[in-house]
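Work through the exercises below with the sequence and the 3D view open. Try each task before you read its solution.

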Amino acid sequence: METVFLILALLVMVLGLVGAVLPMIPSVPMVYAGFVLYGLATEWRDYGLNVMVFFGLLTCLIIAVDYVAGAVGAKKFGASPAGVWGSIIGAVAGVIIFNVFGLIIGTFAGAIIGELLYGRDMRDAVRSGWGAFMGFLAGSFFKIMTSLAMIASFLWLVIF
């Protein structure tokens with residue numbers, strides 16, 4: 001039975017890894033949920049409170065960084081609040097319409113549209129779109145690396 005919970009926990013973690021690029025899936029929280037699932041099933045035999053607190057705090061930190069990364073990237077390239085909101089709306093619309101490719105294009109295009117509606121010229125709008133896109137990439141990379149490190153830690157604690 002323990003093997004079943006190990007497989008379920010790993011599936012939840014892999015889903016979390018996929019969530020590093022798909023905004024509808026909470027990436028690092030899903031990886032953390034895999035820790036919780038397996039811990040509950042095994043009565044915390046392989047890891048205890050210290051590990052759960054550490055990864056819980058790390059999960060909260062990553063959530064905060066994820067929300068800030070796109071805005072910081074857009075702001076660094078001169079985006080207005082309309083450009084930031086445009087990139088968020090564009091990302092959601094893009095992923096719904098065109099999946100992962102739409103997410104990338106939607107983030108960029110949404111920021112441009114938001115900036116143009118705000119009254120900025122095309123050059124500044126494109127610059128803001130580029131910043132939103134770079135922030136998205138940085139946040140995704142950070143989530144992927146953190147998720148991989150958490151999954152590797154889980155495997156180390158459980159298997160070795």
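A crossing of two helices is left-handed if the near helix is turned anticlockwise from the far one by less than a right angle, and right-handed if clockwise. Keep this in mind for the exercises on packing. The model is predicted.

**Exercise 1. Overall layout**

Solution. 
- Step 1: look at the extent. The C-alpha trace spans about 60 × 30 × 20 Å along its principal axes.
- Step 2: check burial. Of the 160 residues, 39% count as buried.
- Step 3: Residues 24 or more positions apart account for 64% of them.

**Exercise 2. Helix 4 against helix 5**

Decide how helix 4 and helix 5 are oriented to each other, and which hand their crossing has.

Solution. 
- Step 1: take the geometry. Helix 4 (residues 81-118) and helix 5 pack at an angle of about 140°, and their axes are 7 Å apart.
- Step 2: apply the cut-off. Angles over 145 degrees count as roughly antiparallel. Helix 4 and helix 5 are therefore oblique to each other.
- Step 3: The crossing of helix 4 and helix 5 is right-handed.
- Step 4: find the residues that meet. In helix 4 they include L103, T107, F108 and A111, and in helix 5 they include S128, G129, W130 and F136.

Now zoom in on S128. This residue lies in helix 5. Is S128 buried or exposed? S128 is buried, with a relative accessible area of 0%. Leave out residues up to four places away in sequence, and S128 touches A74, F77, G78, A79, A111, E115 and R120.

**Exercise 3. Helix 1 against helix 5**

Repeat the analysis for helix 1 and helix 5: which orientation and which hand do they show?

Solution. 
- Step 1: take the geometry. Helix 1 and helix 5 pack at an angle of about 165°, with 9 Å between their axes.
- Step 2: name the orientation. Helix 1 and helix 5 are therefore roughly antiparallel to each other.
- Step 3: The crossing of helix 1 and helix 5 is left-handed.
- Step 4: list the residues that meet. L6, A9, L10, M13, G16 and L17 come from helix 1, and I144, S147, L148, I151, F154, L155 and V158 from helix 5.

Now take L155, which sits in helix 5. L155 is partly exposed, with a relative accessible area of 28%. Leaving aside neighbours within four places in sequence, L155 is in contact with L10 and F160. L155 and L10 are 145 residues apart along the chain, yet their C-alpha atoms are separated by 9.0 Å.

**Exercise 4. Aromatic pairs**

State how many aromatic pairs the structure holds. Then describe two of them that share F154.

Solution. 
- Step 1: count. The structure holds nine aromatic pairs.
- Step 2: describe F35 and F154. They form an edge-to-face pair, 5.2 Å centre to centre, with 80° between the planes.
- Step 3: F35 lies in helix 2 (residues 27-41) and F154 in helix 5 (residues 122-159), so the pair ties together parts that are 119 residues apart in sequence.
- Step 4: check burial. Both F35 and F154 are buried.
- Step 5: describe Y38 and F154. This pair is also edge-to-face, with 5.4 Å centre to centre and 85° between the planes. Y38 in helix 2 and F154 in helix 5 are 116 residues apart. Y38 is buried too.
- Step 6: widen the view. Ring pairs link F35, Y38, W44, Y47, F54, F55 and F154 into a cluster.

**Exercise 5. Nonpolar cores**

Find how many residues the largest nonpolar core has, and which of them have the most contacts inside it.

Solution. 
- Step 1: count. This core has 15 residues.
- Step 2: name those with the most contacts inside the core. They are M13, F35, Y38, Y47, M150, F154 and V158.
- Step 3: trace the sources. Helix 1 (2-18), helix 2, helix 3 (49-76) and helix 5 each supply at least two residues of this core.
- Step 4: look elsewhere. Apart from this core lies another, of seven residues, among them I25, M30, L103 and F136.
- Step 5: return to Y38. Beyond its neighbours within four places in sequence, Y38 has contacts that include F5, L6, Y47, F154 and V158.

Methods: Residues numbered from 1 in each chain as written. Predicted model: local features only at pLDDT ≥ 70, side-chain atom pairs only at ≥ 80, totals over all residues. Heavy atoms only, no water. Phe/Tyr/Trp six-rings, centres within 6.5 Å; stacked < 30°, edge-to-face > 60°. Helix = DSSP H or I, 4+ residues; strand = E, 2+ residues; numbered from the N terminus. Buried < 20%, exposed > 50% of the residue type's maximum accessible area, 1.4 Å probe, protein only. Core = buried A, V, L, I, M, F, W, Y, C linked by side-chain atoms within 4.5 Å. Contact = heavy atoms within 4.5 Å. Axes fitted to C-alpha atoms, helices over the stretch in contact; angles between N-to-C directions. Parallel < 35°, antiparallel > 145°, perpendicular 65-115°, else oblique.
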